[in-house]
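Please consult the sequence and structure shown here alongside the points below.

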Amino acid sequence: MKENSDFEVIIIGGSYAGLSAAMSLGRSLRRVLVLDGGQPCNRQTPHSHNFLTQDGQTPAEIALTGKEQVLKYNTVHFRNGFAAGAQTTENGFELITSAGELFTAGKLIFATGLKDIMPDIDGFAECWGISILHCPYCHGYEVRHEKTGIFGNGAMGFEFARMISNWTKDLTIFTNGEATFSPEESEKLKQHDIRVVETAIGLIQHESGRIQNVVLRDGTKVALKAIYARPAFVQHSDIPAGLGCELTEHGLLKVDVCQKTTVPGIYAAGDNSNLARSVAMSVSAGSMTGAMINRSLIEEGF
């Protein structure tokens, strides 16, 4: 990269949303820096699905192809590293990396994703993204009609079970404690032969992330092919909040239809601002973000 440290836009996060935004901006002749730490949340996932032209590719292959295509635009620069902090300035923003490098820009895009908080269950983290799944649209077809579990309880667990029943009828809900379904929900689950297991989970037996059994605290083993779960998460970067960006009730960065956060000049795209959490959705949000920033820059300069 040239020694220039001043850009029109800095993108923090160089995965799908960040690269997609960079492409829109590169094609708009904008001077862009993409800063990426190389730790996408789906790095353990073997294959990505439900993304037209890329169905079945590995996440790494999709990202590598995207990076190669984006860097053909000579106004886009890529830097390996982590953002350590940022502050507002008279002309925009100043960002410092963990290596002590300083960059400035008029606009920021946070495409920093989320950090999943794994439950304290032996084997869960090793299976996450491989056979413990978050999205049936991304992975449901591959485990269709198989013995499948759901980690959940109450209204969320019920809604999750209702959705997954489209892909398989052999469903077991693990509430990992006393069930909190309403009488109506319990009756509906019974009508659809969806089993509910309240006994606490001891561990998950697996081979290289492929589930074999859920082992309950009483020693009972339940053989499964896959489990759906929605673990808790936090923002992967706390810099946006430090700059004053508001979060939604779900802990996502609050954005409008143009991907603007609540702080002027700061945008967000991808998992950090969208519950859908899919590659295709992130690419779409990134493309929109790049276009909206370019429009804003045109309006400011015309």
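The points below treat the cores, a pocket, the cysteines, an open sheet and selected loop residues.

The model is predicted. Its largest nonpolar core has 18 residues, and another core, of 17 residues, lies apart from it. The second largest pocket holds about 470 Å³ of space, and a search of the whole structure finds zero disulfides.

**Nonpolar cores**

- Within the largest nonpolar core, the residues that touch the most other members are Phe 7, Ile 10, Ile 12, Leu 108, Phe 110, Leu 243 and Ile 266.
- Two or more residues of this core come from each of strand S1 (6-12), strand S2 (32-36), strand S5 (92-97), strand S6 (102-110) and strand S17 (266-268).
- Of these elements, S6 gives the most, with four residues.
- The separate core of 17 residues includes Phe 151, Ile 211, Val 214 and Ile 227.
- As general background, nonpolar side chains in soluble globular proteins tend to be buried together.

**Second largest pocket**

- The lining of the second largest pocket consists of 22 residues, and His 134, Arg 230, Leu 275, Ala 276 and Arg 277 are those nearest the pocket centre.
- Helix H4 (136-139) and helix H8 (279-301) are the elements that give two or more residues to this lining.
- H4 supplies the largest share, three residues.
- By residue class, the lining of the second largest pocket comprises 13 nonpolar, five polar and four charged residues.

**Cysteines**

- A disulfide is a covalent bond between the sulfur atoms of two cysteines.
- The cysteine sulfur closest to that of Cys 135 is in Cys 138, at 3.2 Å; because a disulfide requires the two sulfur atoms to be within 2.5 Å, this separation is too far for a bond.
- Cys 135 counts as buried because its relative accessibility is 8%, under the 20% limit.
- Cys 127 also counts as buried, with a relative accessibility of 0%.

**Open sheet**

- Five strands make up an open sheet with parallel pairing, in the order S8-S15-S9-S10-S11.
- The edges are strand S8 (132-133) and strand S11 (195-197); each has a single partner strand, so one side of each has no neighbour in the sheet.
- The parallel pairing of S8 with strand S15 (residues 226-228) extends over two bridges.
- Leu 133 is placed opposite Tyr 228 in S15.

**Loop residues**

- Asn 166 belongs to the loop between helix H5 (154-164) and strand S10 (171-174), and counts as exposed at 58% relative accessibility.
- Asn 166 and Gly 140 are separated by 26 residues in sequence and by 9.3 Å in space, C-alpha to C-alpha.
- Most residues other than glycine have a negative phi.
- Ser 208 has a positive phi, near 50°, and is located in the loop between strand S12 (201-207) and strand S13 (210-216).
- Ser 208 counts as exposed because its relative accessibility is 71%, over the 50% limit.
- Arg 277 has a positive phi, near 55°, and is located in the loop between S17 and H8.
- Arg 277 is buried, with a relative accessible area of 13%, and is one of the residues nearest the centre of the second largest pocket.

How values were computed:
Residues are numbered from 1 along each chain as its sequence is written. This is a predicted model: local features need pLDDT of at least 70, side-chain atom pairs count only at pLDDT 80 or more; totals for chains, interfaces and linings use all residues. Side-chain values use heavy atoms; hydrogens and water are left out. A nonpolar core is a set of buried Ala, Val, Leu, Ile, Met, Phe, Trp, Tyr and Cys residues joined through side-chain atoms within 4.5 Å. Buried means under 20% relative accessible area, exposed over 50%, partly exposed in between (1.4 Å probe, protein chains only). On a 1 Å grid over the protein atoms alone, a cavity is a set of points where a 1.4 Å probe fits but cannot get out, and a pocket is an open set with protein on both sides within 12 Å along at least five of seven lines; lining residues have an atom within 4 Å of a point. Grid points are joined across faces, edges and corners, and a volume is the space filled by probe spheres set on the points. Ala, Val, Leu, Ile, Met, Phe, Trp, Tyr, Cys and Pro count as nonpolar, Asp, Glu, Lys and Arg as charged, and the others, Gly among them, as polar. Two strands pair if DSSP finds at least two bridges between them.
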